[in-house]
Amino acid sequence: MDFGFSQEQIELKGMASKFVDKELVPFAAEYDRKENPKDCFPWSIIKEAIKLGIGSAAVPEEFGGVALSSIEIMILMEELGRGDAGFAYTILSMITGAQLLTTYGTEEQKDKWLRMIANDQADPFLIGFAVSEPQSGSDNMSPDPKAGLLTSAELKGDQYIINGTKSFITNAGLAGLYFVWARTDKTKGAPQGGLSVFLVPADTPGLKIGTIEDKMGCRLAQQGELVFDNCVVSKNNLIGAEGMGFPICITYIEKRFPAVGAIGTGVAQAAFHVAYQYAKERVQGGAQIINHQAIAYKLSNMIMMIESSRLLYQKAAFYQDREIPSTLHGQMSKVIGSETAVMAANEAIQILGCYGYSREYPAEKLLRDSKALTICENGGEVHRNRIMINFQRTEQATKG
């Protein structure tokens with residue numbers, strides 16, 4: 001395995017790093033502190049990212065995108081996460097949307113929506129994924145038809161009527177297009193074909209925006225409710241075939257898990273930088289505190305965990321680029337990346353002391369942002385259960 005990057009990948013990382021340092025880091029705290037969560041969304045910075053092709057990273061070249069590999073997308077995610085986790089999460093939804101359209105979309109769907117995602121001359125065309133609901137989260141894909149998602153889609157003629165409520169949807173009220181998971185067969189669980197996925201444009205009658213969440217962290221990403229009240233969409237808006245909600249969701253999460261791990265690695269890297277610079281400058285007992293063993297140990301632990309997290313998301317991306325099933329490594333990457341971010345941000349606050357607790361320094365924001373990563377895309381507790389299940393399946397497959 002080659003641990004080095006190609007020249008093109010080095011240049012990609014340099015471009016993303018320059019964008020983060022110039023366009024994102026200097027303004028992230030200002031957006032984060034706005035009282036109204038709707039004012040926290042950084043439209044102007046998103047537009048600059050789109051101009052650089054960051055939003056169209058997963059769009060095939062024939063539709064105007066740059067068609068980056070999985071490892072290249074992860075490079076972007078770590079750098080964006082270093083600048084702001086919420087911002088990175090917003091861009092990630094555009095990337096995942098393009099990936100699902102490329103894999104499951106009809107030629108007509110791809111030609112229409114992928115070109116809109118890739119268009120850097122118009123306003124940014126954001127994507128939202130409407131899976132979670134007020135009563136369901138980790139059991140969204142339950143095999144029990146009476147559990148999980150309640151949002152329904154009833155076929156009448158050549159149209160589907162969608163009813164239900166989705167919660168904590170990234171880009172709610174901002175996206176131009178939503179991927180909506182709904183139950184089309186109430187007698188079947190998700191793995192048995194009970195769910196389907198629909199492409200619902202933001203201006204579809206019957207789609208309403210509910211509460212926009214006022215969150216503790218990741219405030220540069222907007223999450224909120226989507227309410228479907230007799231929302232009518234054409235059969236042509238079905239992505240894949242009816243009953244494919246489960247396999248499409250599996251593809252969705254396989255792409256997302258290592259990306260969240262990469263974002264967490266970026267947050268941890270930012271926390272380390274703050275703590276490291278401070279430890280070199282702060283003098284206590286006549287010596288820089290970086291030379292005190294307790295501080296050196298904390299910084300060393302941060303370095304080791306960041307490097308471990310980085311290698312794990314890169315391994316997951318390595319498998320993705322070779323079309324090798326990678327759910328297990330993606331799950332591990334998501335858990336380690338998010339928990340490394342929390343650990344590094346928490347230790348940064350400890351190293352900075354009272355300054356770490358103050359908004360004068362970014363450490364407290366990094367901790368608030370990092371915590372969201374341990375919850376989104378299922379909590380670490382759920383992943384640990386599933387990691388062991390997938391590990392045993394992998395072991396059995398190897399023996400077989």
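**Surroundings of S152 and beyond**

Reply: Let us begin with S152 in this predicted model: setting aside the neighbours within four sequence positions, S152 makes contact with I161, I162, N163, A182, R183 and K186.

Me: In which strand does S152 lie, and is S152 buried or exposed?
Reply: S152 belongs to strand β2, which covers residues 152-156. A residue counts as buried under 20% relative accessible area, and the relative accessible area of S152 is 18%, so S152 is buried.

Me: Which residues are in contact with S17, leaving aside its neighbours within four places in sequence, and how far is the C-alpha atom of S17 from that of S234?
Reply: S17 sits in helix α1, residues 7-32, and, once its neighbours within four places in sequence are left aside, the contacts of S17 are with E79 and R82. S17 and S234 are 217 residues apart along the chain, and the separation of their C-alpha atoms is 42 Å.

Me: How is the aromatic pair of W181 and Y252 classed?
Reply: A pair of aromatic rings is described by the distance of the centres and the angle of the planes. For W181 and Y252 the centres are 5.8 Å apart and the planes make an angle of 50 degrees. Planes under 30 degrees apart would count as stacked and those over 60 as edge-to-face, so an angle of 50 degrees falls in the remaining class, by which the pair of W181 and Y252 is tilted.

Me: Which parts of the chain does this pair link, and which residues form the cluster that contains W181 and Y252?
Reply: W181 is in strand β4 (residues 177-183) and Y252 in helix α6 (residues 245-281), 71 residues apart, and the pair thus links distant parts of the chain. Both W181 and Y252 are buried. Ring pairs join them into a cluster whose members are F129, F179, W181 and Y252.

Me: Why can the protein be called as compact as a globular protein of its length?
Reply: The protein has eleven helices and ten strands. For 400 residues the globule rule gives 21 Å, and the protein is as compact as a globular protein of that length because its radius of gyration is close to this, at 21 Å.

Me: What share of the contacts with a separation of 6 or more comes from residues 24 or more positions apart?
Reply: Of the 400 residues in the protein, 54% are buried. Among contacts with a separation of 6 or more, the share from residues 24 or more positions apart is 74%.

Definitions and conventions
Residues are numbered from 1 along each chain as its sequence is written. This is a predicted model: local features need pLDDT of at least 70, side-chain atom pairs count only at pLDDT 80 or more; totals for chains, interfaces and linings use all residues. Side-chain values use heavy atoms; hydrogens and water are left out. Helices (H or I, at least four residues) and strands (E, at least two) are DSSP runs, numbered from the N terminus. The radius of gyration is taken over C-alpha atoms; the globule rule is 2.2 Å times the number of residues to the power 0.38. Buried means under 20% relative accessible area, exposed over 50%, partly exposed in between (1.4 Å probe, protein chains only). Contact means heavy atoms within 4.5 Å. Rings of Phe, Tyr and Trp (its six-membered ring) pair if their centres lie within 6.5 Å; planes under 30 degrees apart count as stacked, over 60 as edge-to-face and the rest as tilted.
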